[in-house]
Amino acid sequence: HFDEGINGWFVDHLIARGYFVYDPTNYHGPFHFYVLFLFKLLMGRNLWALRFSSSLFGLASIWLILGFKPYFGKFTSYAAALFVAVSPAMIFYSRYAIHETELLFFSLLAFHGYLRYKTKSDKISLWLMSLGVAGMVVTKETYILHIGCFVLALLCLSVYERFSPSTDEVPKAPAQFTSRDVICIVSAGLFLILFFYSGLFQSKNGIYGLFTSISSWMKTGHSGH
């Protein structure tokens, strides 16, 4: 596919330069190209090297959905995993060298962290949320849509709860972390974002691009992209 060829071309430039130069008008974060770079090193220059990582992230996403059993029950989690696994979109993107499967994986990871925080409120839940959100940010600029939809869902749920309160709500667990833990975990997420967008700290313009990409992205309907 054309997009796979373009992504392979980006990886060739990454190999020649030693780091990825982020372009805010490309609308794709840097993480995917470093993943492809790693698999090219391990597997050589071939189509398997480009596509295998997407397959692994697809399988890992199904595994994360199966892990929702403590929150939604076995039937709901297994049914969701089955329908996602056989969906045409998942089958396509899990054998296609592009960012979408990684974005799905990290969004599910962040959601796992949120649900664990609501029930256990421990450090692991914070790590899952931090790494999930950081992974989304370094994968693709459309993380804003995912996070925006999640916030809207929470708002809709809070309104719905006023009219039809849940009868089996789990009481919130006491916090099992300190403010120092929060600073450490959030700092780790920010470090990963800066690390990848700055081209392993060799291209400071990439950090600026993280913020200017949104304004560029909002103009796509006018530029003909």
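Guide: The protein chain has twelve helices and zero strands. Helices (H or I, at least four residues) and strands (E, at least two) are DSSP runs, numbered from the N terminus. This is a predicted model, in which local features need pLDDT of at least 70 and side-chain atom pairs count only at pLDDT 80 or more, while totals for chains, interfaces and linings use all residues. Residues are numbered from 1 along each chain as its sequence is written, and side-chain values use heavy atoms, with hydrogens and water left out.

Visitor: Why is Ser53 called buried?

Guide: Buried means under 20% relative accessible area, exposed over 50%, and partly exposed in between (1.4 Å probe, protein chains only). Ser53 has 1% relative accessibility, so it counts as buried. This residue lies in helix α3 (residues 47-66). Leaving aside neighbours within four places in sequence, Ser53 is in contact (heavy atoms within 4.5 Å) with Val35, Leu36, Phe39 and Glu102.

Visitor: What makes His112 buried?

Guide: His112 has a relative accessible area of 10%, and therefore it is buried. His112 lies in helix α7, and its contacts, apart from neighbours within four places in sequence, are Leu64, Gly67, Phe68, Tyr71 and Leu128.

Visitor: Why does Tyr19 count as buried?

Guide: Its relative accessibility is 16%, so Tyr19 counts as buried. Tyr19 is placed in the loop between α1 (2-17) and α2 (31-43). Not counting residues up to four places away in sequence, Tyr19 touches Leu14, Tyr34, Gly199, Leu200, Gln202 and Ser203. Over the whole protein chain, buried residues make up 40% of the 225 residues.

Visitor: What is the volume of the largest pocket?

Guide: A pocket is an open set of points on a 1 Å grid over the protein atoms alone, where a 1.4 Å probe fits, with protein on both sides within 12 Å along at least five of seven lines; lining residues have an atom within 4 Å of a point. Grid points are joined across faces, edges and corners, and a volume is the space filled by probe spheres set on the points. The largest pocket has about 760 Å³. It is lined by 19 residues, and the closest to its centre are Tyr114, Leu115, Lys118, Leu157 and Glu169. α9 gives the most to this lining, with six residues.

Visitor: What makes up the lining of the second largest pocket by class?

Guide: Ala, Val, Leu, Ile, Met, Phe, Trp, Tyr, Cys and Pro count as nonpolar, Asp, Glu, Lys and Arg as charged, and the others, Gly among them, as polar. The lining of the second largest pocket has 19 nonpolar, four polar and no charged residues. The lining of the largest pocket divides into eleven nonpolar, three polar and five charged. The second largest pocket holds about 550 Å³ of space. The closest to its centre, of 23 lining residues, are Ala110, Met129, Val133, Met136 and Ile147.
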